[in-house]
Structures are given as C-alpha cells and as structure tokens.
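Subject: Handing over the model

Hello,

Here is the structure I promised to pass on to you. Please have it open while you read, as my notes follow below.

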Amino acid sequence: MSQPTSPLSSPAVPVDALRDALGDGTPVVAPDDDGYGDARAIEPGGVEQRPAAVVRPADADAVARAVRFARDAGAEVSVRSGGHSVFGLGAADGALTLDLRGLDSLELDVDGRTAWAGGGITAGAYSRGAGEHGLATPFGDTGSVGVGGITLGGGIGLLSRSLGMTVDSLLGAEVVTADGEVVLTDADREPDLFWALRGGGGNFGVVTRFRFALHEVSQVVGGVLLMPATPEAVAGVVAAADAAPPELTMVVMVMPAPPMPMIPAAWHGRLVVMANACWSGPLDRADAALAPLRDVAARAGGALLDGLRPAPYPSLLEGGPEGGPLVATGRTFLGDGLDEAAAAHLLEQLEGSDALMRAAQLRVLGGAVADVPADATAYAHRGARLVGNVAAVARDAAGAAGYRPWVDALADRLRGADGAYVNFSLDGGLDVAQAAYPGATWERLRDVKRRYDPQNLFRGNVNVPPA
C-alpha cells in the first residue's frame, strides 16, 4: 500500500545527542536496544516501520523538549497514542517517535461532568474509569484504540448517533506545538487551533491532554447480531440502522464468518452480516428499537447469533481483532445508504476474492452527528449518512498491494458521495487529505497549519501542508 508523503526529508536522528537533551528521566529506545521491537510495534501487526528512536515522555515538558530537538535536527516526528494504525503512522521510518502511552492519566470531575485525559490513554481504560460513575464519552468500538488518534480524526463509534462524534465532546486540549511550546486551547483560547484539532488529525501538534464532556451512560443494550449475508439482509440492516431512533447506533460488518466458537461451525468462512449494535436510550424501549433489526435477521433465515443484551457500556468496547503478521489495504468512502443492487455486487465481490480476510464495514450515521454544522469542526462531512470501508488482508505488504485495485473498484461502486474519513484512510496522500477536508475546510486547515507548523514538522499523518 502507498505510504504518506513527506514533503521534507528527514535526516538521521543523533540518538546520543537526543538522550543528552532529554535527560535520564525520559527513556529513549534505539534500534540496537533491547525492547526496540516492542517499542515500534503497531496494531494490527505486519507493519515494518523502523523509527530512528522511540521516546517515552512522562509529561508535556518532556514532549516539548523532544519536539524542539526534532525541529532543530530537521527530523520527522511521529506520534503513538494507542498504536492502532494499519499503515504505521505511529512509528514512521527514520522518524523520532513519541510514544505517549505513559501519559495515561484520567481526572474525572463527576459533578461537573468533565474529564482530563492523558494523550496516551486508551478508549477502554477511559471508559472503564468513567463507567464506574455511570458516565461516558463517545469513542469508537474497540477499547485498545488510543483516545488521541480517534479524537483528532473525528471519532465514530457506538454512541455516535445519540451523542455525536468524539470531537463533539472535546472541550479543550493541552498541545505541544511545533516550536516546542505547551499551550492550552479551547473555544476561547487559541480557538482556530481548537477548531482544527476537532477532526484535522495530528497536523498541528502533540496533544498531551484532552478535556472531554462526560455524559450519563450506564446500562445499554448492545452486542452482536449475526445473520446470513443476502442482498436483502445487507440492505435491510443498513436501512434499519438509518431509520432507527438516534439512541441506536450500529456498526455493520459484511465478511466471511471467522472461526469463532460462538458462531456455528457450518458457517465458518461463509459470508455473514455482523451488526454490532448499541442502544443507549431507556432500557424499556430497547426491544422495540431493535425489533426491525431482528426482523431482517428472521427474513434472512434466522439469526446465527443474537448477543444483544443489557450490559455496562464499557463492556461493548472489549475484545477486538488480534494483532499478527498481517498487512491490510483498504479504502474509505461515504454514502447515503446501500440498496440491494449494491449489496448484491458487494457479496459477489467478497465471494470471488481470495484475500486472506476481506470485509466491508458500514457505519450508519445521522442523528447527533448530523445536528452539528459542517463548518463547526474540521470534520466536515456531517451530512453523510454512511461512512464505509473496504479492506483486504494479506501476509505481507506485496500481497496487500495486489488487492488494491479490487479494493478501489469495490469502494467506488459502493460510495454515494465524495469524501473520506481520516481515521479509516489507509493512504496518507494529498488526494486523500483533500477528500477528507473539502473546500473551505481545506483552506482553513492550511492556514492554521501555516500559523502553528509552518515547516510541516508534523507530517507523519494524513498531511495538510501549510498554506
């Protein structure tokens, strides 16, 4: 798969000088050091990026010293929070990688319904801590994902239709900018930077702390409903999700059934529709809200697995795909829905592919996501009813690259609108960035980039070049 473009070259990082600049309190892991393999590892695995050094700062001041060193050395900076990046943004080749996993604090103001979270905390750890008080902030659907990455890209998950995107709950941030300064930003302080952080990715600095709004979310009804994949079932699930009350959000996967013990063995490897649902409204209304989804399963021949149950919200973020020596290629797209003709084409293509794993993920939006004006945040695709992703997985990068034409053709057939979602973009090229940030959003982001990072120090991302 193609990698993000780097407008500036990145010379070798002088590791000894870096250690001297940071001091003994900030560990630096270099390629010859024990533990380098673990330090550079990126989920889901198979990404062979080799940063020149991995820095493990314990606070914002250490981050600032590392950023100033990288700026003066002309080195590229890459940032790792949770470590999920299919094309290795958290550990770019030859870069100085800032591993923020030590910045995992969580300070809850339960009465004030706000939280300060370290830039390296995971969505699962945050949600478990907030969940002890019956509170939540909307993140994604996998607990091991870092809060930093998902927030800066926008944040679509199991509470999106009821509470909006993650950026809609972002109240402020502590940021180390390209000049090595630590600044606080919110709607009143550095407001243009705050706007850009809400969807503009890691283009504007290293966020060491996030301030979020907390919402009352205790028990939900959620889990997985699995059914045979037919064109009627795929289109029916998408339609049911779109027509549902905003308290119901679904993440729909269409894929060969994995060999998991809870799935009937006769269906292993056969195409299924996996609807991961979360009802966050009153519990006594859950059955009625979920009935159309169960009706689709019944018409498809009956549910193969009905795991929809009352549960604490954080439990829905547990699990997720395991890492391993696999490489993915994919393409994100936007749409207004999915009819039976498009669903039939999707199933035909999935059936005909020989990829080790291939899937289409469909996230139906609307609800609270669409209630926010398009220009209020750097995530501008508020009117899109569906964000999708087509992916194919192989054992190595060469194998994954061979599936790229198939992925592109299928995504083009399924898409119903121009645009891209940064957090699902597996290619960091300029065309992807411009698709993610259309029109006036692109120009405003470039202007903010010029003011806060004119040398494009933070370019290991879906890059927005300075104006």
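In α10, residues A341, A342, H345, L346, Q349 and L350 meet W406, L410, R413 and L414 of α12, where contact means heavy atoms within 4.5 Å. By class, this contact has seven nonpolar, two polar and one charged residues. Here Ala, Val, Leu, Ile, Met, Phe, Trp, Tyr, Cys and Pro count as nonpolar, Asp, Glu, Lys and Arg as charged, and the others, Gly among them, as polar.

Before going on, please note that this is a predicted model: local features need pLDDT of at least 70 and side-chain atom pairs count only at pLDDT 80 or more, while totals for chains, interfaces and linings use all residues. Residues are numbered from 1 along each chain as its sequence is written, and side-chain values use heavy atoms, with hydrogens and water left out. Helices (H or I, at least four residues) and strands (E, at least two) are DSSP runs, numbered from the N terminus.

Back to the helix pair: α10 (residues 340–352) and α12 (residues 404–414) pack at an angle of about 170°, their axes 10 Å apart. Axes are lines fitted to C-alpha atoms, for helices over the stretch in contact, and angles run from 0 to 180 degrees between N-to-C directions. That makes α10 roughly antiparallel to α12 (angles under 35 degrees are roughly parallel, over 145 roughly antiparallel, 65 to 115 roughly perpendicular and the rest oblique).

α10 also has α8 (residues 231–243) as a partner, with axes that come within 8 Å and cross at roughly 125°; the two helices are therefore oblique to each other. On the α8 side, P231, E232, V234 and A235 meet E340, A343, A344, L346 and L347 of α10. That contact has seven nonpolar, no polar and two charged residues.

Now for the sheet. Four strands form an open, mixed sheet in the order β1-β2-β4-β3, where strands pair if DSSP finds at least two bridges between them. β1 (28–29) and β3 (77–80) are the edge strands, each pairing on one side only. β3 pairs with β4 (residues 96–99) in the parallel sense over four bridges, and V77 stands opposite L96 in β4. Helix α3 (residues 60–73) lies across β2 (53–55), β3 and β4, running at about 170° to β4.

Finally, take a look at G112, in the loop between β5 (106–109) and β6 (114–118). G112 and A213 are 101 residues apart in sequence and 8.8 Å apart in space, C-alpha to C-alpha.

Best wishes
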